[in-house]
Amino acid sequence: LPLEEEKTDHASVHSPDLERRLDNIINGDGTEGREKLDKIQERVVRETFALAKIPEQFFVLVDGGPGTGKTKTTARLAEALKLLNMRTAYTGSTGTAATNYVNGYTLHSMMGFPLDMPRGKKLTDKYSSFTTRREIMKRLGGSQPGKIVLVIDEISALTYDVFGTVEHALRILYNNKKPFGGISVVLVGDFDQKLPISKGGSLAQVLVNSVTDDLRHMSHKEMLRSNTAAAFSRFRKYELPINHRIKR
């Protein structure tokens, strides 16, 4: 393996006090902020934790406006997943989004993307390289995709080609045919936000257009859009409705 992995402590994963420790995280006991999660935030943590415990790869979208606690919910989820010896890699579509988390990277930095997204043989060659694989796996947290969670913040600011290329690159990187190479993914953002992305390039617009795309006559770009929409369709959406800043 390119990286040395920590051994999973199966005894601790199935210990009797696991649920109690999860309750403590949800209730804010010993966590930053020390606030109990609201009902929807708690659902995100409990339901995702249950999938990870099986273990099953999961795809989660935490959607909500300013003040709804997206970052807090994601941080508590990461803390809960630590109980299962899972590692969380934090990224953002922008530098500002990346700074929402300790040791956060922009998605481009995490994946080592150039300005123009690599395609075809260039993509395969780049992410099959031993050096590239080692560097990116180190940033992601290891060579066992089933033990890694990738958080992408400000997802609504991401273009479809970056999102689609991340998904494809991770499959090559981990030599794994599962979506995102077997890594679990948490998307965080506000799809009601209006952002300055070129016409037809936003992830949200691609998802809308994919409903009417004709699969029989697709260019490479159109196929990428369709594949991106298919990957996105796997995500379970949780919408956080309560603005806690206004509530306080």
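In this predicted model, Asn103 lies in the loop between helix H5 and strand E3. The phi angle of Asn103 is near 60 degrees, a positive value in a residue other than glycine. Asn103 counts as exposed because its relative accessibility is 66%, and exposed means over 50%. Asn175 is not a glycine, yet its phi is positive, at about 50 degrees. With a relative accessibility of 71%, Asn175 also counts as exposed.

The loop between H5 and E3 also contains Tyr101. The relative accessibility of Tyr101 is 8%, so this residue counts as buried; the limit for buried is under 20%. Apart from neighbours within four places in sequence, Tyr101 is in contact with Thr71, Thr74, Tyr90, Val151, Asp153 and Val188. In the case of Thr74, which is 27 residues away along the chain, the C-alpha atoms are separated by 9.8 Å.

The structure holds nine aromatic pairs. In one of them, the ring centres of Tyr90 and Tyr101 are 4.6 Å apart and the ring planes stand at 10 degrees, so the pair is stacked. The two residues are 11 places apart and belong to distant parts of the chain, with Tyr90 in strand E2 and Tyr101 in the loop between H5 (95-98) and E3. Both Tyr90 and Tyr101 are buried. Elsewhere, one aromatic cluster is formed by Phe59, Phe163, Phe180, Phe232 and Phe235. A ring and a lysine also meet: Lys126 lies over the face of Tyr127, at 5.6 Å from the ring centre.

Strand E2 is part of an open sheet of six strands, arranged in the order E3-E2-E4-E5-E1-E6 with parallel pairing. Strand E3 (105-106) and strand E6 (236-240) form the edges, each pairing on one side only. Six bridges join strand E2 (residues 87-92) to strand E4 (residues 148-153) in the parallel sense. Within this pairing, Gly92 of E2 stands opposite Asp153 in E4. Helix H4 (residues 70-82) packs on the sheet and touches strands E1 (59-64), E2, E4, E5 (184-189) and E6. The direction of H4 makes about 160 degrees with that of E5.

Helix H8 (residues 130-140) has the buried residues Thr132, Ile136, Met137 and Leu140. Viewed down the axis of H8, the buried residues fall within an arc of 120 degrees, so they line one face of the helix. An α-helix has 3.6 residues a turn, so residues three or four places apart point the same way. Phe130 and Lys138 are exposed, and both are carried on the face of H8 turned away from its buried side. The cover over the buried residues of H8 includes strands E2 and E4 together with helices H6 (107-111), H7 (120-128) and H9 (160-173). Just after H8 comes Gly141, with a positive phi of about 120 degrees.

Helix H2 (residues 18-27) contains the buried residues Leu18, Leu22, Ile25 and Ile26. These residues are on the same side of H2 because they cover an arc of only 100 degrees around the axis. A glycine follows H2 as well: the phi of Gly28 is positive, near 85 degrees.

In helix H3, Ile40 counts as partly exposed because its relative accessibility is 24%, and partly exposed covers values between the limits for buried and exposed. When neighbours within four places in sequence are left aside, Ile40 is in contact with Glu239, Leu240 and Pro241. Ile40 and Glu239 are 199 residues apart along the chain, and their C-alpha atoms are separated by 7.6 Å. H3 (39-53) is followed on the way to E1 by a loop in which Pro55 is found. Ile54 and Pro55 are joined by a cis peptide bond, with omega at about 0 degrees.

Terms used
Residues are numbered from 1 along each chain as its sequence is written. This is a predicted model: local features need pLDDT of at least 70, side-chain atom pairs count only at pLDDT 80 or more; totals for chains, interfaces and linings use all residues. Side-chain values use heavy atoms; hydrogens and water are left out. Two strands pair if DSSP finds at least two bridges between them. Helices (H or I, at least four residues) and strands (E, at least two) are DSSP runs, numbered from the N terminus. Contact means heavy atoms within 4.5 Å. Axes are lines fitted to C-alpha atoms, for helices over the stretch in contact, and angles run from 0 to 180 degrees between N-to-C directions. Rings of Phe, Tyr and Trp (its six-membered ring) pair if their centres lie within 6.5 Å; planes under 30 degrees apart count as stacked, over 60 as edge-to-face and the rest as tilted. Buried means under 20% relative accessible area, exposed over 50%, partly exposed in between (1.4 Å probe, protein chains only). A charge sits over a ring if NZ of Lys or CZ of Arg is within 6 Å of the ring centre and within 35 degrees of the ring normal. The arc is that of the directions from the helix axis to the C-beta atoms.
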